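Hi,

Here is the structure I promised to pass on.

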Amino acid sequence: MPRAFLVVLDSVGCGGAPDADAFGDAGANTLGHIAKVCAEGGAEDGRSGPLNVPHMDALGLGAAIRLASGEAAPGLDATPTGLWGAATEVSRGKDTPSGHWELAGVPVPWDWHYFPDTRPTFPQEVSAAAARLAGTEGILGDRHASGTAIIDELGGEHLRTGWPICYTSVDSVFQIAAHEEAFGLEWLLKLCRDLAPMLHEMKVGRVIARPFVGDEATGFTRTSNRRDFAIAPPSPTLCDWVSDAGRKVHAIGKIGDIFSMQGIDTVAKGPDDRLMEHLMQAASDAEDGSLTFANFVEFDTNWGHRRDVSGYARHLEWFDAHLPKLMTKLHQGDLLIITADHGNDPTWRGTDHTRERVPVLGHGVGAHQIGLRAFADVGVTVAAHLGVAPQGPGRSFL
C-alpha cells in the first residue's frame, strides 16, 4: 500500500499571485528574487554564488517559478524530471493556517481578525484577560513588532516585572513572549491555552507562545519550544480523511498545532535540522498507507521575516542537499510532494508574509506537468494517491 509525504517549506513562494495587489504584494517573488540576488553576488554571507538547488530544480523548481510568475530564476533552468507546477490560494489571507488548511483541502470560509497597527493595538478586554490569566497587573508590548526585536527591547523589563510581552503582526495572531525559566515554560503554555478561546471567538487565527532565554548582559534568544494554539479547521481536512480511513497520520514540525491535533496520531518537533532527521526516519519506517505531513518553519521565521537573503538561500541549499537521501528512503509507489503555504520575500519591504503562488514539486510519479492548480488540489491528490475518499473542492492532478 503506497504512502504519502507532504512537505511544506514554510514561506517558499514563487510569485505571481493574481490578487497580490490587494495585499500590497504585487511583484513579490520569494524564490525568484533570492535566485536573482544570489546570481548578482548579493548573498555571500555563509555561502557564495548562484543559488545551488539542483535536486529541486531537477524536479521542476525553476519551471514552476516561470509558470507562476512569468519570470526566470537565474540558474534554475533544468528540464523537469518530476511532478511540477504551481498553486494559487483562494483563502483571504497570507498566513500559516490559511495556507495549510487549504493545502489540506479546506479553504478558509471566513475573514480573519487583524489587530490595527496602533499603540495600544489590543482591545482593553483582551489585554486585561491576558494579564489576569498571567497573574500580573498588566502586559508589556501591546503593539505590532518583530518578535526578536521586542524581546531585545523588553526582555529586561519582563524579567523585572514578570509581565508577559504581548505583540502581533499583520497576520491574524496574538503572540506572547516570556522567559522560559523566570516566567516558566509551562506557565506560558497555560496562559496561551487559556487565552486562546477568547481570541478564536474573535477569529484570530493563532495564539503563539514564544519562549526565550538569556539576560540583558548576554542577550535574549528564542528557544525551539514555540507552541501555536490555532483555531480549529472549519471542516475535516486531509488529516481527518486519512485518519477516518483507518490510516496513520504523522505530523512533523508545527503541523499538530496548525490542525489542533485533529486527525493526527504522532507529533515530532524541534529545529529544522532535527525535523529533517524525523522526516528521514518516517521515510524509512512509516506504515503502509500512512501520511507524513511536515512543515519546515525556519525558512519563514529565521530568514524571511528577518529579510536575510543569504540565510534564506543557505536554508534552501541545506534542504536541497538532503533531498537525494530522502528520496532513496522512499518505497516503491510512495508519493513525495514539496510545496509551500505562502511567500515571505526577503527582498520585499517590511517584515511580513507576501501573497504569492507556491511551487508544487513531486517525486514518485515520473515527469508530470500539472500546470497552475488550486491549493486544495494538493490535499485531494494526496488522498487519491492513498486511496482515501476526499471531502472538499479540490481536484486530483494524478
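Helices here are DSSP runs (H or I, at least four residues), numbered from the N terminus.

Before you go further: this is a predicted model, where local features need pLDDT of at least 70 and side-chain atom pairs pLDDT 80 or more, while totals for chains, interfaces and linings use all residues. Residues are numbered from 1 along each chain as its sequence is written, and side-chain values use heavy atoms, leaving out hydrogens and water.

On the α4 side, G99, E102 and L103 meet F375, A376, V378 and G379 of α13 (contact: heavy atoms within 4.5 Å).

Helix α4 spans residues 96–103, and eight of its eight residues are buried, so the rest of the structure largely encloses it. Buried means under 20% relative accessible area, with a 1.4 Å probe and protein chains only. Just after α4, G105 has a positive phi of about 95°.

W101, one of the buried α4 residues, has 0% relative accessibility. Its ring and that of W110 are edge-to-face, because the centres lie 6.2 Å apart and the planes stand at 90° (pairs need centres within 6.5 Å; edge-to-face is over 60 degrees). Ring pairs join W101, W110 and W112 in a cluster.

Enjoy exploring!

Methods
Buried < 20%, exposed > 50% of the residue type's maximum accessible area, 1.4 Å probe, protein only. Helix = DSSP H or I, 4+ residues; strand = E, 2+ residues; numbered from the N terminus. Phe/Tyr/Trp six-rings, centres within 6.5 Å; stacked < 30°, edge-to-face > 60°.
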